[in-house]
Amino acid sequence: MSHIVTVQEAVTAFADWMEPTDAELDAIDAEMPAILADVEELDVRIALLDRVPGELDTRRARRERHRVLVERATVANRAAVREVA
């Protein structure tokens, strides 16, 4: 018979007394525009799943994809500037 044993670190890794550090919260805040752009793009893609996209739908999807790429580039550039400084 094999016994099931828990690993203490895995069990306590998500304890309610542990909260994100200020650095982790700052990183999330810095990436939030890119995260929101990803969410908007997913919303567009989900809306287009059940129908054939028309010209306006295609433009909207392209616009959202462009926005995602711009936001990701902005986040990457900010990170590169912080590393150089």
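Modeller: A surface patch is made of residues with over 30% relative accessible area and no salt bridge, and nonpolar side chains are joined into one when they lie within 5 Å. The model examined here is predicted. In this model, Leu25, Ile28, Met32, Ile35, Leu36 and Val39 form such a nonpolar patch on the surface, and their accessible area together is about 450 Å². Ile28, one of these residues, has its place in helix H2, which covers residues 22-47. Its relative accessible area is 41%.

The protein has three helices and zero strands, and the pattern along the sequence reads α-α-α. It consists of 85 residues, of which 14% count as buried. The protein exposes about 7,400 Å², and carbon and sulfur atoms supply 60% of that area.

How are H2 and H3 placed relative to each other, roughly parallel or roughly antiparallel? Helix H3 comprises residues 55-84, and H2 packs with it at an angle of about 165°, the two axes being 9 Å apart. Angles over 145 degrees count as roughly antiparallel, and H2 and H3 are therefore roughly antiparallel to each other. The crossing in which H2 passes H3 is left-handed.

Pro33 and Val75 are 42 residues apart in sequence, yet the distance from C-alpha to C-alpha is 8.4 Å. Pro33 belongs to helix H2 and is partly exposed, its relative accessible area being 29%.

Side chains of opposite charge can pair when their charged atoms come close. A search of the whole structure finds six salt bridges. In one of them, the side chains of Glu41 and Arg45 meet at 3.2 Å, N to O. Both residues lie in helix H2, and because they are four residues apart there, about one helical turn separates them.

Is Glu41 buried or exposed? Residues under 20% relative accessible area are classed as buried, so Glu41, at 8% relative accessibility, counts as buried. The side chain of Glu41 also meets that of Arg65 in a salt bridge, at 3.5 Å, N to O. This pair links distant parts of the chain, for Glu41 is in helix H2 and Arg65 is in helix H3, 24 residues apart. Arg65 counts as partly exposed, with 32% relative accessibility.

Glu55 forms it with Arg59, and the closest N and O atoms are 2.6 Å apart. Glu55 and Arg59 are four residues apart in helix H3, or about one turn of the helix. Glu55 counts as exposed at 57% relative accessibility, whereas Arg59 is partly exposed, with a relative accessible area of 42%. Elsewhere, salt bridges that share partners join Glu41, Arg45 and Arg65 into one network.

To draw the description together, helix H2 holds Ile28, a member of the nonpolar patch.

Terms used: Residues are numbered from 1 along each chain as its sequence is written. This is a predicted model: local features need pLDDT of at least 70, side-chain atom pairs count only at pLDDT 80 or more; totals for chains, interfaces and linings use all residues. Side-chain values use heavy atoms; hydrogens and water are left out. Patches are made of residues with over 30% relative accessible area and no salt bridge: like charges are joined within 9 Å, nonpolar side chains (Val, Leu, Ile, Met, Phe, Trp, Tyr) within 5 Å. Accessible areas come from the Shrake-Rupley method with a 1.4 Å probe; for residues, only the protein chains shown count as cover. A salt bridge is a side-chain nitrogen of Lys or Arg within 4 Å of a carboxyl oxygen of Asp or Glu. Helices (H or I, at least four residues) and strands (E, at least two) are DSSP runs, numbered from the N terminus. Buried means under 20% relative accessible area, exposed over 50%, partly exposed in between (1.4 Å probe, protein chains only). Axes are lines fitted to C-alpha atoms, for helices over the stretch in contact, and angles run from 0 to 180 degrees between N-to-C directions. Angles under 35 degrees count as roughly parallel, over 145 as roughly antiparallel, 65 to 115 as roughly perpendicular and the rest as oblique. A crossing is left-handed if the near helix is turned anticlockwise from the far one by less than a right angle, and right-handed if clockwise.
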